[in-house]
Amino acid sequence: MFTFSLTLVRHGETQYNKDKLLQGQGVDTPLSETGIQQGEAVGRYLKDIKFNNVFASNLQRAIQTAEIIRRNNTHCSGTEMVLEPLLRERGFGVAEGRPKEDLKNMANAAGQSCRDYTPPGGETLDQVKLRFKKFLKVLFKQMLDEHGWSGPHVSAGANEVANGTAAASSDLDPVGSADSGLQGVPVHALVVSHGAYIRVAVRHLVEDLQSSLPAGLKMSQLFSPCPNTGISRFIFTLSHSESGPVLSSARCLFTNRKDHLENLTAAQ
């Protein structure tokens with residue numbers, strides 16, 4: 001058995017985010033000044049977590065955010081960052097570069113909800129989910145290739161967290177500490193991606209892969225839109241099979257956390 005944590009972070013704000021314009025994959029904009037400040041804030045918040053592996057979408061808003069987090073981190077400033085196209089934002093086709101309101105109007109005209117609607121030339125939610133499933137396969141293989149099945153990576157604490165027998169993270173850290181749920185889990189991966197992509201990823205992990213959930217977590221919070229530099233965290237335990245690593249259990253510790261932005265918001 002092999003247990004590790006996955007911390008998912010959405011990129012910081014861009015001018016397109018501020019102006020409520022769709023970016024998708026075809027609009028590759030840098031962080032705004034506020035986005036840089038948000039990146040610094042999440043970097044300081046996560047600075048003491050030793051990320052063994054860092055992955056980022058290869059769009060520049062995600063790359064910038066991941067670089068800021070790495071630079072602020074006490075342990076992983078020299079850790080190689082893998083730029084992964086599978087982590088790119090959902091493609092919104094003809095709606096990219098246009099106001100989000102246009103997408104809502106297109107969805108209404110088609111008689112669909114905005115979340116489920118696929119603009120011409122865009123990706124369906126199932127296509128985005130397939131990309132995430134491919135990324136998980138890459139992630140599981142790389143984590144095992146680099147960190148192995150044996151050694152200190154599987155401890156009683158890690159198994160307790162993975163099996164859901166440890167105290168809920170809300171009991172362990174009522175103030176929402178950055179290392180929520182990481183007790184006894186020494187291997188950690190960081191992923192920096194995008195809002196629509198992360199929403200699909202979280203839904204897949206919870207609904208399809210049956211991740212266990214923290215006590216008292218509301219579904220509205222679980223699947224709510226991820227804010228810029230919002231943080232979600234899962235614990236995975238893998239088992240071995242002849243065809244490769246198999247997910248034995250998954251545990252959701254929290255989603256869309258934004259504690260690090262409180263002081264930033266107050267200052268604005």
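I took two strands as paired if DSSP finds at least two bridges between them.

The model is predicted, so I noted that local features need pLDDT of at least 70 and side-chain atom pairs pLDDT 80 or more, while totals for chains, interfaces and linings use all residues. Residues are numbered from 1 along each chain as its sequence is written, and side-chain values use heavy atoms, without hydrogens and water.

I then traced the open sheet of six strands, with mixed pairing and the order β3-β2-β4-β1-β5-β6. Its edge strands, β3 (81-83) and β6 (244-257), each pair on one side only.

I counted 10 helices and six strands in the protein; these are DSSP runs (helices H or I, at least four residues; strands E, at least two), numbered from the N terminus.

I checked the length of helix α2 (residues 33-45): its 13 residues should span 18 Å at 1.5 Å a residue, and its end C-alpha atoms are 19 Å apart, which agrees. The expected span is 1.5 Å times one less than the number of residues. In α2 I listed Gly35, Gln38, Gly39, Ala41, Val42, Gly43 and Tyr45 as buried, that is, under 20% relative accessible area with a 1.4 Å probe, protein chains only.

Finally, I looked up pLDDT, the predictor's confidence in each residue from 0 to 100. The protein has a mean of 88, and 88% of its residues reach 70 or more.

Terms used. Buried means under 20% relative accessible area, exposed over 50%, partly exposed in between (1.4 Å probe, protein chains only).
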